[in-house]
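Subject: Structure handover

Hello,

Please find the structure below. My notes on the contacts follow it.

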Amino acid sequence: MTHWPPSSPAEWVPAATSCPKFHCIVLTLTRQFTTYSSPRNASTSKQPHVAKTSGSDETEQKIHRAQVNSLLFGADRLLNAQNSDALKTYFMDKLSEAKFYNTYRSTAFMRSIRFCLERHTFGVAIALYDEMLHEGFIAVYSLCIRMTALKIVEHSTKLRETVDPLKEIFADRAYDISAFMDLAFVLIRAIKLSDCPDLVGELASINMRANRLDAAQNWLQVFEQICSTEGTQPDPTPYSDIINTLNDIDPENSEAIQAVLLRMKSAGVPPDIAMFNTLIRVNLAQQRHKEAFALYHVLIQKGCGKLIPNDVTFKMFFRAAQLTRKQRVRRYRRPDNAVAPRGLFREMLESHLQQTEGQALGRSTVLSVSAFHIALRTFMALEDYAAAFIVIRALHTFGFQPNLQTYLIVIINLLYRMKRELAQVRKKDEYRLADFLVHLRPDEDPDLDIILDRIRNHQPVVERTGTSSVGVETIAHLLSLGDDHLPPPRRLPLHKPVYADNVRRSLRSGMITGADPVRSDMPVFFSPTPLACMLQKALLGELSKKALHRGPDWDWKGAAGPILRETKEEMVPADFIEGSKETEETYGEEGGIIAVRGVENEEAKAERERWKGD
């Protein structure tokens, strides 16, 4: 029996040319098989119920079985001496009705088809299957769908057209791993394997998940030997995929992961950013945070070319920061070499500017909407509203616009905290951010004495209509706190004019609750100003708590400006702050047009007066 892939490159017949589009289609089909199938528990066709037979029937079956065995032995000898065309003629001649004239004839066809599949003579297998159907026989279900898939691929002139029908076949659990490997052989014949490391990784992973470790090793070995024959350096992608799969199926097997790394080293394969991310992910999954941050520091120190951290790197560490923020939990204790979330954000911006050669609006593999969102979610979870404010400002500066998800991150985190605090009875002289926010009017300059009087007299600005401590009216109130009579979005220069028609001043509470859904047929973006105002007032609420302890002489509102400025200096690269005149013109020195009343600079006041005059 021949195994796939071949154990040496001598048995591999590479393509003369490699088509990138063809490679992408094959990779898509491979991933669809992984998605739709269950290789671990790949179901096979059930064995048909065999009724008890008499002694004469058993003797007859043994005779017919011996005839088929003789047929297959002859085919094996013929295949070793001649080509597959001779094999087709041999089967069609030998499988005559004169020799196999009874019910065992269908079994002879199926065994012959399986013989051809095992030896990758797929054209002969298809011809036998067509003849079997022509004579009115029906194959077992697993063989039936296996042959159906092969016929789709073998007879197709446009491989892209085969994707949808093959998806339907892969969804059937009877399409197992060995059948897919046969199909892979047909698909890959036109591909130069050394140019498709991602496909090699996918195929190795499929075999590993099906507990076919030898086959997985074989794929990697063939890939390495072909690269060696061609004099090219192997790509690290297959090794990264194998480590990811090892972490999924056997996370405690660190020795296997080390063996893969040693194999990479012996093959002279340098790690890329995907490999670093894989190792970081494995360490974080095993709560080895110190080792994960050690890898991160190596990336930052040696960051150049392809080894610059990307958005995947930073998103993993921002998630880890949310876990390690609770020092009392021994399992997630923050290691000594950990980088604080503010430092992570700064280094994310630095990596972006390094990749774009200092262009804030340039595109890189570092910044993405999801990376900004995970950073914002981290700072909101840490209740670091000054840092969250800087993230909102950085969105616009680096060419992004807030969307509905951006608003949800801020509002939901504030609602969770408010619900947690308001659900408990307030103790005497206890300060809570929820009390500050629900007793603050949107159109007033915050006055601590007035707010404290409202709290004592139970005079919240938000009128609750239900039994819950927070509700739709609370969401509407938070949104109104962002509507601080500031200039409309036209005063904010849009870095992406194509989005100008989709930018709204603010969103309605129904968009948050789902009662008023946002259009999904086009991207919809919102102004960053209301979010920034909400976060500034949340920061003021935190500062007012300190004011109760520091006394009436401390200017708690005036402290907001320096805090935001220091936070900006900590989170934004110094060179970028000094050289970014556009940022200063947009936002002002301290808070710009989104400064809180009472701590506005002259430029912000002038901007507000110009807007009122309009």
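Over the ring of which residue does the charged end of Arg550 sit? The ring is that of Trp554, and the charged end of Arg550 is 4.6 Å from its centre. A charge counts as sitting over a ring if NZ of Lys or CZ of Arg is within 6 Å of the ring centre and within 35 degrees of the ring normal. Arg363 is placed likewise over the face of Phe400, at 4.9 Å from the ring centre.

On provenance: this is a predicted model, in which local features need pLDDT of at least 70 and side-chain atom pairs count only at pLDDT 80 or more, while totals for chains, interfaces and linings use all residues. Residues are numbered from 1 along each chain as its sequence is written, and side-chain values use heavy atoms, with hydrogens and water left out.

Aromatic pairs

Searching the whole structure gives twelve aromatic pairs. Rings of Phe, Tyr and Trp (its six-membered ring) pair if their centres lie within 6.5 Å; planes under 30 degrees apart count as stacked, over 60 as edge-to-face and the rest as tilted.

Phe91 and Phe115 form an edge-to-face pair, because their ring centres are 6.0 Å apart and their planes are at 70°. This pair links distant parts of the chain, 24 residues apart: Phe91 belongs to helix H3 (residues 84-94) and Phe115 to helix H4 (residues 104-118). Helices here are DSSP runs (H or I, at least four residues), numbered from the N terminus. Phe91 is buried at a relative accessible area of 0%, and Phe115 is buried at 6%. Buried means under 20% relative accessible area, exposed over 50%, and partly exposed in between (1.4 Å probe, protein chains only).

Phe109 and Phe137 make a tilted pair, with centres 6.3 Å apart and planes at 40°. Phe109 is in helix H4, and Phe137 is in the loop between helix H5 (122-134) and helix H6 (141-154), 28 residues apart. Phe109 is buried at 1% relative accessibility, whereas Phe137 is partly exposed at 22%.

One aromatic cluster consists of Phe318, Phe345, Phe372, Phe379 and Phe400.

Helix packing

The axes of helix H22 (residues 472-482) and helix H24 (residues 529-550) come within 7 Å and cross at roughly 100°. Axes are lines fitted to C-alpha atoms, for helices over the stretch in contact, and angles run from 0 to 180 degrees between N-to-C directions. Leu478, Leu479, Leu481 and Gly482 in H22 meet Thr529, Pro530, Cys533, Met534 and Lys537 in H24, where contact means heavy atoms within 4.5 Å.

Regards

Methods:
Helix = DSSP H or I, 4+ residues; strand = E, 2+ residues; numbered from the N terminus.
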